[in-house]
Amino acid sequence: MKKVHENDFDYRFGDNGPKYLTKGPNIDIGVVVLKPGQDFQNHYHTVCEEIFYILEGQIDFYINGNKVPTIPGDMIQCHPGDAHYLINQTDKTFKALFIKSPHILERDVVNIKNPVIKLRSE
């Protein structure tokens, strides 16, 4: 049995980005926050499947270069090899739960070039 609280952990980039609530032994779970104008590097996982459940705000996912707008209550499932890029082009903070499985001890992420997108302000 394990019990943790979100406030016990830090976001990767201070007040934004991902933060893990647990890593392994079989699954990784955390939350990700992106503030207005922020994005998260396009990447894919070689072994892990990753699921995002949108809790707050709206965000555009780019899955294999295809735009997928999301709102609270949406779920996005990325299979191994699915490139996923997140960008918050709104004026509200975005927050989602993420789940990665299986837990991999070695690095499973491959960063790739961000997709070329048209920003809403253009």
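A salt bridge is a side-chain nitrogen of Lys or Arg within 4 Å of a carboxyl oxygen of Asp or Glu. The model on the screen is predicted: local features need pLDDT of at least 70, side-chain atom pairs count only at pLDDT 80 or more, and totals for chains, interfaces and linings use all residues. Residues are numbered from 1 along each chain as its sequence is written, and side-chain values use heavy atoms, with hydrogens and water left out.

**First stop: the whole chain**

Display the protein as a cartoon. It contains zero helices and 10 strands; here helices (H or I, at least four residues) and strands (E, at least two) are DSSP runs, numbered from the N terminus. Now show the C-alpha atoms, which fill a box of roughly 50 × 30 × 25 Å along the principal axes. The radius of gyration, taken over C-alpha atoms, is compared with a globule rule of 2.2 Å times the number of residues to the power 0.38. For 122 residues a compact globule would have a value near 14 Å, and the protein agrees because its own value is 14 Å.

Next, colour the residues by accessibility. Buried means under 20% relative accessible area, exposed over 50%, and partly exposed in between (1.4 Å probe, protein chains only). Of the 122 residues, 40% count as buried.

**Second stop: the sheet**

Select the strands E1, E2, E9, E4 and E7. In that order they form an open sheet of five strands with antiparallel pairing, where two strands pair if DSSP finds at least two bridges between them. At the edges lie strand E1 (17-23) and strand E7 (75-78), each of which pairs on one side only. Strands of a sheet pair through backbone hydrogen bonds, either parallel or antiparallel.

Within this sheet, select residues 28-34 and 94-101. These are strands E2 and E9, which run antiparallel and are joined by seven bridges. Which residue in E9 is the bridge partner of Val32? The partner is Ala96.

The structure holds five salt bridges. Select Glu6 and Lys19, whose side chains meet in one of them (3.9 Å, N to O). Glu6 belongs to the segment before E1 and Lys19 to strand E1, and the two are 13 residues apart. Is Lys19 buried or exposed? Lys19 counts as buried, because its relative accessibility is 4%. Glu6 is partly exposed, with a relative accessible area of 22%.

Lys95 is buried, with a relative accessible area of 15%.

Finally, select Asp15 and Lys35, which form a salt bridge with the closest N and O atoms 2.9 Å apart. Asp15 lies in the segment before E1 and Lys35 in the loop between E2 and strand E3 (39-45), so parts that are 20 residues apart in sequence are tied together. Both residues count as partly exposed: Asp15 at 42% relative accessibility, and Lys35 with a relative accessible area of 29%. To close, return to Glu6, Lys19 and Lys95, which salt bridges with shared partners join into one network.
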